[in-house]
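Here is my note on the helix packing. Please keep the structure open while you read.

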Amino acid sequence: MTRILLFSLLISSHLSDLNHAKMLIVQGQYEQALVSLDSNPDTKARYYAGWCHMKLGNCPAAEAQFMLFIEGYTGYGEVSWKAEAEANIIACGGTIDDITD
């Protein structure tokens, strides 16, 4: 029981960090959001980190984060989330050739 409680607190903490980062993104505070996202193991954090890097004009870092997201995400709305990440890679001038293998 204790293990389950500790695990649920850990998951809750990561979700809370992700929600905090999303609030910072809405406010245009991309660098601050990245601080929270970089240490978050949630796969969706890779998507939001990619978004922040893209908004900051750092497309190589954005593409790397979007690729990590595409390779690792298996959650709700997987197809549409991955399609959005692919579109963001293309918007940054990247290609999706490596993704379709």
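In which hand of crossing does H2 pass H3? H2 passes H3 in a left-handed crossing. A crossing is left-handed if the near helix is turned anticlockwise from the far one by less than a right angle, and right-handed if clockwise.

Two remarks on the basis. This is a predicted model, in which local features need pLDDT of at least 70 and side-chain atom pairs count only at pLDDT 80 or more, while totals for chains, interfaces and linings use all residues. Residues are numbered from 1 along each chain as its sequence is written, and side-chain values use heavy atoms, with hydrogens and water left out.

1. H2 with H3. Helix H2 covers residues 30-38 and helix H3 residues 43-55; they pack at an angle of about 155 degrees, axes 9 Å apart. H2 is therefore roughly antiparallel to H3 (angles over 145 degrees count as roughly antiparallel, under 35 as roughly parallel). Axes are lines fitted to C-alpha atoms, for helices over the stretch in contact, and angles run from 0 to 180 degrees between N-to-C directions. Helices are DSSP runs (H or I, at least four residues), numbered from the N terminus.

2. Who touches whom. H2 brings Tyr30, Ala33, Leu34, Leu37 and Asp38 to this contact (heavy atoms within 4.5 Å). Among the H3 residues are Tyr48, Trp51 and Cys52. By class, the contact of H2 with H3 has nine nonpolar, one polar and three charged residues. Ala, Val, Leu, Ile, Met, Phe, Trp, Tyr, Cys and Pro count as nonpolar, Asp, Glu, Lys and Arg as charged, and the others, Gly among them, as polar.

3. H3 with H5. These two pack at about 25 degrees, with axes 11 Å apart. That makes H3 roughly parallel to H5. The H3 side includes Tyr48 and Trp51. Trp81, Glu84, Ala85 and Asn88 come from H5.

4. H4 with H5. Helix H4 is residues 59-72 and helix H5 residues 78-91; their axes come within 9 Å and cross at roughly 160 degrees. H4 and H5 are therefore roughly antiparallel. Among the residues in contact are Phe69 and Ile70 of H4, and Trp81 and Lys82 of H5.

5. Lysine 82. Is this H5 residue, lysine 82, buried or exposed? Lysine 82 counts as buried, because its relative accessibility is 17% (buried means under 20% relative accessible area, exposed over 50%, partly exposed in between, with a 1.4 Å probe and protein chains only). A polar atom of its side chain lies 3.0 Å from the backbone oxygen of tyrosine 73. Leaving aside neighbours within four places in sequence, lysine 82 is in contact with Phe69, Ile70 and Tyr73.

Notes
Angles under 35 degrees count as roughly parallel, over 145 as roughly antiparallel, 65 to 115 as roughly perpendicular and the rest as oblique. A polar contact is a pair of N or O atoms within 3.5 Å; within protein, one must be able to donate a hydrogen and the other to accept it, and residues adjacent in sequence count only if both atoms are side-chain atoms.
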